[in-house]
Amino acid sequence: MITLNSALIVTAILFSLSLIGLVLNRHNLIVLLMCVELMLLAVNTNFIIFSHFLNDLAGQVFVFFILAVAAAEAAIGLAILILIFRKQKTINVSELNTLKG
Amino acid sequence: MTHFPILSLLIWLPILAAIVVLIIGDDAHANKIRVLTLVTTLLSLVLCAVLWAQFSLTTYQFQFVENLSWIPAYNINYALGIDGISLPMVVLTVITTLTVILASWHVVQKHVAQYLATFLLMQGMVIGVFCATDTILFYMFWEAMLIPIYINIGMWGAERRVYASIKFFIYTFAGSVVMLVAILYLRAHAGSFAILDFYNLRLTQGEQDLIFIAFLLAFSVKVPMWPVHTWLPDAHTEAPAGGSVVLAALMLKLGIYGFMRFSLPITPDASHALSWLMIALALIAIVYIGLVAIVQTDMKRLIAYSSIAHMGFAVLGTFMVYLIMSNVANTGYAQMSLEGAMVQMVSHAFSTGALFIGVGILYARIHSRLISDYSGVARVLPVFAVFMMIFSLSNVGMPGTSGFIGEFFVILSAFKANFWIAFLAALTLILGAAYTLWMYKRVFFGKVTSEAVANLKPIEPAEFIALAILAFFVIFIGVYPQPLLNVFHASIGHLLDISLVSKL
Amino acid sequence: MQLLLTAILLPPLLGAILAGIFGTIIGRVASHRVTVLGVLISFICSCIIFKNFILDHQSTQNIIAYTWGTSGAFQFNVGFLIDNLTATMLMVVTSVSLLVHVYSIGYMRGDAGYQRFFSYISLFTFAMLMLITANNFFQLFFGWEAVGLVSYLLIGFWFTREPANFGSLKAFIVNRVSDVGFILGIGGVITLFGTVDFLPVLAQAPKVAASLPTISLFAGTSWSIITVICILLFIGAMGKSAQMPLHIWLPESMEGPTPISALIHAATMVTAGVYMVARLSPLYELSASALTFILVIGATTALFTGILGVVQNDIKRVIAYSTLSQLGYMVAALGASAFAAGIFHLVTHAAFKALLFLAAGSVILALHHEQDMRKMGGLRRYLPLTYSCFLVGALALAAIPPFSGFYSKDAIIEAVHLSTIHGASYAYVALMIGVFVTALYIFRAFFMTFHGSCSANSASQDNIRENGWVIWLPLVILAIASITIGMIVKHADALQLALHAFTSLPFWLAIAGIVTAWFCYVIRPAIPAMLANKFSWLYYILIKKYGFDDFNQIVFVRGTRALAQLLYNYGDQRLIDDGLVNGSGRLIQWISATLKRLQTGYIYNYALAMIIGVLALVLWQMLIA
């Protein structure tokens, strides 16, 4: 039987991986987007785990919401990405620093 | 409200006219716009005449009171009213605007509507400041007034206009913000924003000190007092002639007005405790700034510095009352000192305003403010030279002109406070003569040395009328100030009474 | 009485306004007519007042015209005090002014600023009349400043000339220095007496003085406030009446047209200080220290400025220094409490000094504006009338009996001789030497101008002739006045006094002065140059006017400007504007420049910062728990 603890550790590892990807990635904006998606998935997994252990379906309902939002987000994110590529001819993260003060 | 809302009309008529003028807007209708503006100010002048005629000299109470609920949730009212301190200032505002409009009749040819609209807005808002008896209303006008003058300097100014206008704006704005805090604090204790409620509020010495300093920051920048005066020479130098006139004649008065309306009656104990500081700063303004004025090479800068020195007299007259009252029992000397400060304000508006108009007239023709670019102007423009001589003499404090009275009253009463205060204040007789007449000598006397001066265009009728109006007031007040002084007596007497009673 | 006063005061003012504002419209002739008429009316009315007060002994009148202003407990009136002193002054001012007006018609002919000139001198007459008729300090101060102003305008009348502008500004500012004293004195009066009207002040003075009020000007000292007030007011008089060390403006004022030198800088305005002290004599009587101060200043001025007159070569400057010296005599008389003698000398001096100036003006005009005496000489053949008038003036000035100057100066010297206050003996010696010096410098000028050989070149010699009647008539009238005033005033004792003079020291000193001048400048013209060489150091000091001008120029004028420049550059510009104001702006800029480095623009930096933040928060929560 999988314990709550071990399940949570898996998702925590998943979340940390995506976080490290987010911080360390200096090249591709797509990787960045994927990391964000991965984060969401880690959180989703958490919802499912808690739903299972607490016997509450509301958690699983939330997962669907989040998935829908994540899909929309991914669509918008990719659209922005394409626009950036058209404008700047690059999706290299270290070159996208127009917000620099 | 049972009577005709004459004060509201005085405030909103020019503002409405400004909106109309802005809507017309186009330089193609320049003449129509000028006439419309002039008619508006003349109407205001008529209203002022009514105000003056119906003003009761025997009471210190606010008159022509209007009181409408504005923001009931916070007990903020649209409350107006004038007393003997604000009435002369209101009239002064209208006269100043009138002369400014006349003086810029021919000079300003671009963006006429916008230029004149700034002055109309200013007129309405400055009158609003002088009439407001609700502090939030006061504060609103106080800050709103900065916008037209800021635009005026920034748009029509000389080369460094942007620097000067931003400096001016930030300086005065920063000063006023602290005042808002003080007002809110007072509101929390008094339960309303009405000035009269603040008067009755009991405050501890510590509270009073803090509130006094908060007000001081706002008002001392406006006066301006040493050492927060450096925005003034820059603003004056860069501002167009009309802007300079309004700055000198109206803006600077707000500081002293604030001292009289807020600092003295609301925080009498703090005013008493800190009067030594105010007197010291005023004397520094008179002597130090007087000296600095001597070496100026730019006419407008010189007049700006002389403004600071003259306003030093008004500050001295205002805060000397505590020192006088510690030496003598009757209030006669203190009242003379305060009234001296008031007359100084009125007179300074006329003479300095007129000097700025004069420099503006020269600048419009030669495009130089430097004294060294002029010589022998009296030979080419004799009538103009006579006018400028009258205003210079008023600036010097010559008896028979308005400039004399304030200095005379303040110096006489200063003797009762302390001999050395009187002595330092009296040095202005020498310094004032030195900087004003030395400038006059270099600009107007001597041989005509430059081609530009030799070909100076004669002054236009509108400019002549503006100068003549100011000259009339300068001489009339100098020869017969009694009507003006009568307006002060009741209100200044009352102000003195409440400023001398401890609130502890 | 009120009507009479109005008729004295207003016509000159109206004349000034008409000639000044409408001068170009009504023209030159109408301008001088209207101003002369104004002063003539003034003069006639003054004569009536003079008759009423001096001859018929009417009592003092105090009239209030209108209340100028009230403030606090104080009332400032425009009002008039008419008594013997005022009546006398009215006569002096209006008569000399009338003669100068007439004289100016000739002297100023052809000048571009003709109307302006007449407007100014009429305005001056008005201001001077306001001054002498004042019944309170406030109006006195008004007149005081107004005459100073017109004097400033008239010295700088030819405003395209640099020396004239310099002189006028100098005159104004020096006068303003003394006005500081004057206005403080008024402040003292209002502080002590609670009013600025003469009569209450003078009436209260003995009572107030009896309570010995004191003032502490420096910590630990205590001075009689009456003395302080008297000295402060006298400092005001020192400027207007050109007493050392505030005398420096008067020689410079000679840059103005000669008629105004006669009117303003000899007969009337400069005597305002003397008038003021005489008017306040009951107050001054209460302070022996103030009187000593006045006596010493007066005697010093009388002697030392007289000596300067000996080395001047400009005919007007000689007379200017003579004026300084004679003012010194008047002030010394005041110091010795001989107020009547001081005023008497004021009157006679007005006559003979105006005469000397106008005669000098006549010479200057005849020589086409040549003022250097070294270029004159032998003019008595060409200008016989001017010559004799100048001689009368010189004799009166040198105090030769029975000319008017003798009677007044004799009274002063006698009063100082009898005075017992501190400094009286010094003053007596100074005034005695002054008598010799006076005779020396004025006859030096006389001989250099009218005797000896004619230095003007032959071409212009033919052009030298007497001027028209408007010039010589005033001269003759003043000459007659200079001869007779003294005798008229002292009518009973006139002869006896004159005879007595031949046995007194001052007379022989004056004669010695005349003889010395005659010997040095007519018989042996080489002597002065020789003396100047031999005592070159002394000559240098005298030419440099004891260094007053240089001292003022270096210490006060340049010193003030340097100090002001220093304050402006370092205090205002560097420290306050650049340091504090723009400094606070720069500080904010620096802070934001530092902070903006955090804003890298990389998302992963922000993400990291966010995570660190969250971790810190969690850690903090855990620690708290």
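Modeller: Burial first: a residue is buried if 20 or more other C-beta atoms lie within 10 Å of its own, exposed if 12 or fewer, and partly exposed in between, with the C-beta atoms placed from the backbone. This is a predicted model, in which local features need pLDDT of at least 70 and side-chain atom pairs count only at pLDDT 80 or more, while totals for chains, interfaces and linings use all residues. Residues are numbered from 1 along each chain as its sequence is written, and chains are lettered from A and ligands numbered from 1 in the order in which they are written.

Biologist: OK. Is A:K89 buried or exposed?

Modeller: A:K89 is exposed, because 9 other C-beta atoms lie within 10 Å. It sits in the segment after α3 (58-88) of chain A; helices here are DSSP runs of H or I with at least four residues, strands are runs of E with at least two, and both are numbered from the N terminus. A:K89 also has a positive phi of about 60°, although it is not a glycine. Most residues other than glycine have a negative phi, and most peptide bonds are trans.

Biologist: What is phi of B:F64?

Modeller: Phi of B:F64 is near 55°, a positive value in a residue other than glycine. B:F64 is in strand β1 (residues 63-71) of chain B. It counts as buried because 21 other C-beta atoms lie within 10 Å.

Biologist: Which residues are joined by a cis peptide bond?

Modeller: One such bond joins C:M244 and C:P245, with omega about 0°. C:P245 lies in the loop between α8 (225-240) and α9 (249-252) of chain C. In chain B, the bond from B:V223 to B:P224 is cis too, with omega near -15°. B:P224 is in the loop between α9 (205-222) and α10 of chain B.

Biologist: Since α10 came up, at what angle do the axes of α10 and α13 of chain B cross?

Modeller: Roughly 140°, for helix α10 (residues 231-238) and helix α13 (residues 299-325) of chain B, whose axes come within 8 Å. Axes are lines fitted to C-alpha atoms, for helices over the stretch in contact, and angles run from 0 to 180 degrees between N-to-C directions. That makes α10(B) oblique to α13(B); under 35 degrees counts as roughly parallel, over 145 as roughly antiparallel, 65 to 115 as roughly perpendicular and the rest as oblique.

Biologist: Which residues in α10(B) meet α13(B)?

Modeller: B:L232, B:P233, B:H236 and B:T237 meet B:K300, B:R301, B:A304, B:Y305, B:S307 and B:I308 in α13(B). Two residues are in contact if their C-beta atoms, placed from the backbone, lie within 7 Å.

Biologist: Moving to chain C: how are α15(C) and α17(C) arranged, parallel or antiparallel?

Modeller: The axes of α15 (residues 339-366) and α17 (residues 404-418) of chain C come within 9 Å and cross at roughly 150°. The two helices are therefore roughly antiparallel to each other.

Biologist: And chain C as a whole?

Modeller: Chain C has 26 helices and 4 strands, and its C-alpha trace spans about 125 × 65 × 60 Å along its principal axes. Of its 625 residues, 55% count as buried. The domain assignment, whose bounds come from an automatic or database assignment, gives domain 1 (287-537) and domain 2 (550-624). The C-alpha centres of domain 1 and domain 2 of chain C lie 71 Å apart.

Biologist: What is C:I49 in contact with?

Modeller: Leaving aside neighbours within four places in sequence, C:I49 contacts C:L4, C:I82, C:A87 and C:L90. C:I49 is found in helix α2 (residues 23-55) of chain C, and is buried, with 23 other C-beta atoms within 10 Å.

Biologist: Which chains share the most contacts?

Modeller: Chains B and C do, of the 2 pairs in contact. The contact takes 47 residues from chain B and 46 residues from chain C. On the side of chain B that touches chain C, α18(B) gives the largest share, 12 residues. That side divides into 33 nonpolar, 9 polar and 5 charged residues, where Ala, Val, Leu, Ile, Met, Phe, Trp, Tyr, Cys and Pro count as nonpolar, Asp, Glu, Lys and Arg as charged, and the others, Gly among them, as polar.

Biologist: How far apart are chain A and chain B?

Modeller: Their closest C-alpha atoms lie 23 Å apart, and no contact joins them. Chain A does touch chain C, through 12 residues from chain A and 10 residues from chain C. Helix α26 (residues 603-624) of chain C supplies the largest share of the chain C side, 5 residues.
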